[in-house]
Structures are given as C-alpha cells and as structure tokens.
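Open the model in your viewer and keep the selection panel at hand.

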Amino acid sequence: MNIGQAAQASGVSAKMIRYYESIGLVPPAGRRESGYRDYGPVDLHRLGFIRRARDLGFSIERIRLLLELWSDQDRSNAEVKAIALTHINELEERARQLQEMADSLRTLAAACDGDGRPDCPIIESLEIGGAPHCHGGRPTPH
C-alpha cells in the first residue's frame, strides 16, 4: 500500500511517517517500480505501535527504546515497566504544573471585574510578573 493508505490504516499522517523514516524510528519503506513507497503489514504494525505510544505521550527517544525492547524477545519486562513508571511520574508532574497554572489564572480571572474599564489584574500580573497589587482583597492599579 502507498503512504496515503498506510497513513489512513495506521492513524499516523503521511508527513509523520516520512519524519519517522528520516529519524530512523521506522525503516525506510520498500519502493515500487514507480518509485512510490510500499508499506506492508509489518510496517503498519510498527506504525500502530508508535501511534499508541505517542497517544500516551512518550517521547521519540522513549519510543525508540520501547521499539528496541518490543523487538527483543529476551527483553526484561522490568525495563519496560521502569520506562512506564518514569513516564507516569513525568506526566503527574506536568499535570501538577498545569493545575497550578489553572489555579493562578482562575484567581486572576476572579479578581477581574470584566466591566469594560482598562484596569485589569490579568494584564497587570503579566506585566509585572507576579500577583497583582491588591487593596482590600481587590487588585489596584499602579
């Protein structure tokens, strides 16, 4: 099948398939007499593995490691688990940071009257790099 068909079947865009080939994440596809790439079931299986790993947020380098382990019949599942647990810790830290950002922005939005005046605690916070100046629990302009 050609790259468009492989993209549709695997859920990986043709652009990303070319990129994965260029960085060696997938081996170069065979070529037809016409010069077009030709993908088979093994290629689709590998692309599906990569897509699912990307859906879980794994980096390219971690996917490369997982692919190596996948193809190693003597692999240790402890190594795979260690990669997964490290990734979980990173995801949880990123989620914590995103929650902190949302909480900060929620506080700023609550402090904004949104009444059409130019005074804006959100803009002030972005300008000065911290919490807006408050007076009596309300941000005050400079």
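Select Gln-99. Gln-99 is partly exposed, at 41% relative accessible area; buried means under 20%, exposed over 50% and partly exposed in between, using a 1.4 Å probe and protein chains only. Its place is helix H5, residues 77–111. Helices here are DSSP runs of H or I with at least four residues, strands are E runs of at least two, and both are numbered from the N terminus.

A word on the source: this is a predicted model, where local features need pLDDT of at least 70, side-chain atom pairs count only at pLDDT 80 or more, and totals for chains, interfaces and linings use all residues. Residues are numbered from 1 along each chain as its sequence is written, and side-chain values use heavy atoms, with hydrogens and water left out.

Met-101 is exposed, with a relative accessible area of 52%.

Next, select Arg-62 in helix H4. Is Arg-62 buried or exposed? Arg-62 counts as buried, at 18% relative accessibility. Show its surroundings. Beyond neighbours within four places in sequence, Arg-62 is in contact with Ile-83, Thr-86, His-87 and Glu-90. Contact means heavy atoms within 4.5 Å.

Colour H4 and H5 separately. Their axes lie 10 Å apart and the packing angle is about 160°. That makes H4 roughly antiparallel to H5. Axes are lines fitted to C-alpha atoms, for helices over the stretch in contact, and angles run from 0 to 180 degrees between N-to-C directions. Under 35 degrees counts as roughly parallel, over 145 as roughly antiparallel, 65 to 115 as roughly perpendicular, and the rest as oblique. H4 passes H5 in a left-handed crossing; left-handed means the near helix is turned anticlockwise from the far one by less than a right angle, right-handed means clockwise.

Show side chains at this contact. From H4 come Arg-62, Leu-65, Leu-66 and Leu-69; from H5 come Glu-79, Val-80, Ile-83, Thr-86, His-87 and Glu-90. They divide into 5 nonpolar, 2 polar and 3 charged. Nonpolar covers Ala, Val, Leu, Ile, Met, Phe, Trp, Tyr, Cys and Pro; charged covers Asp, Glu, Lys and Arg; the others, Gly among them, are polar.

The crossing of H3 over H4 is right-handed. On H3, select His-45, Arg-46, Phe-49, Ile-50, Ala-53 and Arg-54; on H4, select Ile-60, Ile-63, Leu-66, Leu-67 and Trp-70. This contact has 8 nonpolar, 1 polar and 2 charged residues.

Finally, zoom out. The protein has 6 helices and 4 strands, in the order α-α-β-β-α-α-α-α-β-β from the N terminus. The C-alpha trace spans about 75 × 40 × 20 Å along its principal axes. Buried residues make up 25% of the 142 residues. Of the contacts with a separation of 6 or more, 40% join residues 24 or more positions apart.
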